[in-house]
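Please look over the fold before reading on. The report below covers helix packing, the ligand site and some backbone geometry.

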Amino acid sequence: MKITTILSSSCFWLFVLLNSANPCATVFYKGGNEKTEELEDVKRSHFPGGFLFGVATSSYQIEGAILEDGKGLSDWDVFVHKNGNVENGDTGDIATDHYHHYMEDIEMIHSLGVDAYRFSISWPRILPNGKLGDVNAAGIMFYNSIIDNLLVRGIRPFVTIHHGDLPQVLHDRYGGWLSPLIQDDFVHFAETCFKNFGDRVRYWVTINEANLVSEFAYEMGIFPPGHCSPPFGNCSKGNSDTEPLTAMHNMLLAHAKASKLYREQFQPKQGGVIGIVVNAFMYEPLTDDERDKEAANRALAFNVAWNLDPPVFGDYPPEMRRYLRNELPKFTSEERLLIRDSIDFLGLNHYGTLYAKDCARSSCACSGSACVAGGDRAIRGFVSTTEERDGFLIGEPTGLPICYVVPRGMEELVDYVKNRYHNKPIFITENGYSPPQQEDQLDDLLDDKRIEYHKAYLASLARAMRNGADVRGYFIWTLMDDFEWTLGYGVKFGLCSVDRTTLNRTPRSSAEWYRNFLRKSPSSNNNNTERRPTFSFI
Ligand code: FCB
C-alpha cells in the first residue's frame, strides 16, 4: 500500500513530487458515495439570506505585469525563473494578464451574478521596497479601480491582504518570514491597505494559508525561498524540523498586530470584519484502530488547528505541544493576549480528504513512489497520510494525484471547526476542481465534472449548516484558469478557460451552471426569504 507520509493539508503541490507516479494505475475508485444525499439537487434557497456566493483569485496567479508601473519583484517572480522550480518552466510574468484585462474580468465576474469577489493585493505592487520605501501610487490606483468597479456592479470586495507574493527585498533584507522583523513590515502593508481601501472594503483576510506556506516554503522547499532539509528534500538551506514553526509564528504575530491595528483604528469607522484563511483538508482514520483515530485528530491539529487555535484561543494546540515540546515557539503572555480572539471569522480553503495513519505507536515504513518522507517525525505529528485503503482510492481522482473528490469531507471539516471554535463564523474561502490532466477532454468547455463537484460539495456544506454551523459564504476557486504555483498552467481550476496564446477568456459550462444556480427565482425567494435568517454580522 502506498502511504504518502506528508501529514499535509496541502496536497496540491505534492503533484510536483508525485508526478512520476500515477496512483490510479494500481488502485481503483469505488465509485458512488455512501451518502446518496450528496446527489441531492442543491439550490441557492438552501442557504440563508445574506449568504455570500463568490469566486476567488489571487494577485500573483492572475495579474502578470511583473515590473510595470513601479511594481517591485515578489519572491515568486524570482523563484519561477530558477530552473526546475515550476512545471514546464511556466512563470507568472504574464499569467492571465489581469492587470490589463481587469475590466473585462470584472464584467465576467458580474455576469456570474455573484455577491462577492475574493482577490488579493500584491504587496510588491503597493510597497516595492517594503516599509522602507514609498507607496506606489499606480498600485493603489489599480486596486481602487477594481474595488470601485466591483461596487458599482453590486459585488462586494472580499480582500486578502497577503496571498503568497512577498516582496523579494524582505527575504534579502532579513530572511522573510523567518525573522520577527517581518511583523512590522506586514503591519505597515496592512495599514496602507486599510487607509487606502478600507472605506469601501468590508471583508478583510490578513494572510492566506499560513500553514501551507510554512510547510511548502520551509519544510518541503517547493515554494520560495525553497528551504528544506532531509528527509523532506535536499535544499541548499533550511531546517524542515524547525523553520516551518518559526515562519508560522511570525505570520501569526503579523496577523495579530494587523488585526489589532484594524480593530482599534479602522473598524470603528469603517465597520468591516477581519479574519484569517487556512488550508484545511479533512482527515479520516485509515483503520478503526484507536491509534489511527488519534492520528486523524493529530493531523487536524497539526494542520488546521496549528493556524486557527492561536487567533481564537491565544496558543498553539495542546496536541502539538505534547509532541513538539520546546521546538514549538512560545507566545509571551502579552503576545497571547494580542493574538487571542484576533479574528471575526475564519476562512477555510477546502480541497480534499485523506486517510491518516499513526506513526507514533505503530510502524510507519514509507515505501513506494507516492511516498514522501517525514510522517515519522514530530513536525508531522507522527502521522502519515494516504489516499488509498484496501486497494481503493478515497474518492474520484482530480488533476492532482492525491486530491480526490470526497464531498462528505466538507461536512466533516465544517463540523470539526464548528465544534473546536465554538461556532465562530466561517467562510469557505476556496473550494474547486481541476480535471485529471491525462483525461481526454472532448471539449474542455463542457466541464460536467466540475459542476457535479460543486453541487456535491455545496450539498455537503448545506448539511453542515443544517447541523448548526454558522457558515457565511462560499467562494469557488477560481474565476479563470490561472498560474497554479509550482504546477504552472497545466492544472485548470477555472470556471472560465484562458487561451494561453491569445489570453481570450471563455466561460465553461460550469460558469453557466453557477449563474443559473445563483439566479434567484421569484418563487424561491418568496418561499424562503422570510424563514431564512439574515446575518447581522456586518
Ligand atoms: C490553494 C491556494 C490557491 C490555489 C488553490 C488551488 O492552496 O490558496 O492560491 O492555488 O490552492
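## Basis of the report

Helices (H or I, at least four residues) and strands (E, at least two) are DSSP runs, numbered from the N terminus. This is a predicted model, where local features need pLDDT of at least 70, side-chain atom pairs count only at pLDDT 80 or more, and totals for chains, interfaces and linings use all residues. Residues are numbered from 1 along each chain as its sequence is written, and side-chain values use heavy atoms, with hydrogens and water left out.

## Helix 8 against helix 10

Two packed helices are described by the angle between their axes and the distance between the axes. Axes here are lines fitted to C-alpha atoms, for helices over the stretch in contact, and angles run from 0 to 180 degrees between N-to-C directions. The axes of helix 8 and helix 10 cross at roughly 30 degrees and come within 8 Å. Helix 8 is therefore roughly parallel to helix 10. Angles under 35 degrees count as roughly parallel, over 145 as roughly antiparallel, 65 to 115 as roughly perpendicular and the rest as oblique.

The crossing of helix 8 over helix 10 is right-handed. A crossing is right-handed if the near helix is turned clockwise from the far one by less than a right angle, and left-handed if anticlockwise. On helix 8, the contact residues include Ile182, Phe186, Val187, Ala190 and Phe194.

## Helix 6 against helix 8

Helix 8 (residues 181-197) also packs with helix 6 (residues 137-152). The angle is about 50 degrees, and the axes are 11 Å apart. Helix 6 and helix 8 are therefore oblique to each other. Helix 6 passes helix 8 in a right-handed crossing.

Helix 6 supplies Ile140, Tyr143, Asn144 and Ile147, which meet Thr192, Asn196 and Phe197 of helix 8. The contact of helix 6 with helix 8 has four nonpolar residues, three polar and no charged.

## Helix 15 against helix 16

Helix 15 (residues 448-466) and helix 16 (residues 509-518) pack at about 35 degrees, with axes 8 Å apart. Their crossing is right-handed. Helix 15 contributes Asp448, Arg450, Ile451, His454, Lys455 and Leu458, and helix 16 contributes Ser509, Ser510, Trp513 and Phe517. This contact of helix 15 with helix 16 divides into four nonpolar, three polar and three charged residues.

## Ligand site

How many residues surround the ligand? There are 14, and the closest are Gln61, His163, Glu209, Glu484 and Trp485.

## Backbone geometry

A cis peptide bond joins proline 224 and proline 225, with omega about 10 degrees. Proline 225 sits in the loop between helix 9 (210-218) and helix 10 (243-270). The bond from tryptophan 477 to threonine 478 is cis, with omega near 15 degrees. Threonine 478 lies in the loop between strand 16 (471-477) and strand 17 (496-498).

Alanine 65 is not a glycine, yet has a positive phi of about 45 degrees. Alanine 65 lies in the loop between helix 2 (59-62) and helix 3 (75-79).

Methods: Contact = heavy atoms within 4.5 Å. Nonpolar A, V, L, I, M, F, W, Y, C, P; charged D, E, K, R; others polar. Near = heavy atom within 4 Å.
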